Amino acid sequence: MCCKGFLKIMMFVFNGVIFLAGAAILAVGIWVAVDRVSLLGFLEHIEDAPPELAQLANIGYLLIGVGAFLTLVGFLGCCGAVKESKCMLLSFFTVVLIIFLVEVAAGVVLFVFEPLVRSDAPSIEDNYGIDESFTSVWNSTMNELKCCGYNNYTDFMDSPFVSTTSSYPVTCCTTSYFFCTKDALSVVGCFQALVNLIEDNAVLLAGVALGIAALEIAAMVVSMILYKNVGK
């Protein structure tokens, strides 16, 4: 009974944190979706705020989806543990199991199809310099990773931006801050930059991935123990 009570408390605390995090993300997502201009104005008044925060304005509906999902998972875990509801505990177990399997499948797919991903460049030629949100996302990505295009500068060669300005994005040059010409291009593509970043932090990322996997497995084990002991 003592062990069961401890597991219930741990289950409640763990899923309570997930529930609160999900609720916060959901609230931000709704705010972004309803009042994008207000969010951008708020971010402008935050001192030393990283420019990447402005990209929140472009992912409002994604935040709503993620927040709602986390809130649901946290609710099932908390209520299932407190009320000792077999239905909620089983639902929680099923959801976490699906998440775990999706993560494993995604890792396998990225590993197996990495060459295909490398060659499948997004439509920079068609949209960069015309689509404001698309251009903003790429500018933030290139500034953050210190890279140029998806594969390299050739992604921009036939883009509206190069056709109009006769220059490349300034992040494509390491020696020019205002006007980047083909003669000064010297930056790797963003895909390779991302690969390099992952390789440089492989140990940390592996530790985080293993930690998340361990938490998910522990959550499934605890939910099944509580499920088996309901009414006992």
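In this talk, a residue is called buried when its relative accessible area is under 20%, exposed when that area is over 50%, and partly exposed in between, with a 1.4 Å probe and protein chains only. By that rule M157, at 35% relative accessibility, is partly exposed.

Good morning. The structure before you is a predicted model, in which local features need pLDDT of at least 70 and side-chain atom pairs count only at pLDDT 80 or more, while totals for chains, interfaces and linings use all residues. Residues are numbered from 1 along each chain as its sequence is written, and side-chain values use heavy atoms, with hydrogens and water left out.

I begin with the overall fold. The protein has ten helices and zero strands; here helices (H or I, at least four residues) and strands (E, at least two) are DSSP runs, numbered from the N terminus. Along the sequence the pattern therefore reads α-α-α-α-α-α-α-α-α-α. Of the 232 residues, 30% count as buried. For contacts, meaning heavy atoms within 4.5 Å, I consider pairs at least 6 apart in sequence: 64% of these join residues at least 24 apart.

Let me turn to the interior. A nonpolar core is a set of buried Ala, Val, Leu, Ile, Met, Phe, Trp, Tyr and Cys residues joined through side-chain atoms within 4.5 Å. Which residues of the largest nonpolar core touch the most other members? Among its 20 residues, they are I124, Y128, W138, M142, F156, Y168 and C172. Helices α7 (132-145) and α9 (190-200) each supply at least two residues of this core, and α9 gives the most, with four. Setting aside residues up to four places away in sequence, Y128 touches a list of residues that includes F134, W138, M142, F156 and P169.

There is also a second, separate core of 15 residues, and V73, V95, M220 and L226 are included in it. M220 belongs to helix α10 and is buried, at 8% relative accessibility. Beyond its neighbours within four places in sequence, M220 is in contact with F93, V96, L97 and F100. M220 and L90 are 130 residues apart in sequence, yet their C-alpha atoms are 9.3 Å apart in space.

The next topic is empty space. Rolling a probe the size of a water molecule over the atoms shows where such space is left. On a 1 Å grid over the protein atoms alone, a cavity is a set of points where a 1.4 Å probe fits but cannot get out, whereas a pocket is an open set with protein on both sides within 12 Å along at least five of seven lines; lining residues have an atom within 4 Å of a point. Grid points are joined across faces, edges and corners, and a volume is the space filled by probe spheres set on the points. The second largest pocket has a volume of about 240 Å³. It is lined by 13 residues, of which F14, I18, V96, I99 and E216 are the closest to its centre. Two or more lining residues come from each of α1 (2-34), α3 (60-83), α4 (86-112) and α10 (202-228).

I now come to charge pairing. Side chains of opposite charge can pair when their charged atoms come close. A salt bridge is a side-chain nitrogen of Lys or Arg within 4 Å of a carboxyl oxygen of Asp or Glu, and the count by this rule is one. That salt bridge joins E84 and K8, whose closest N and O atoms are 3.2 Å apart. Because E84 lies in the loop between α3 and α4 and K8 in helix α1, the pair ties together parts that are 76 residues apart in sequence. Both partners are partly exposed, E84 at 26% and K8 at 24%.

E84 also has a positive phi, about 55°, although it is not a glycine. S166, another residue other than glycine, has a positive phi near 60°. S166 sits in the loop between α8 (160-165) and α9 and is exposed, at 56% relative accessibility.

Finally, I return to M157, in the loop between α7 and α8. Leaving aside neighbours within four places in sequence, M157 is in contact with V162, Y168 and K182. M157 and S167 are ten residues apart in sequence and 9.3 Å apart in space, C-alpha to C-alpha. Thank you.
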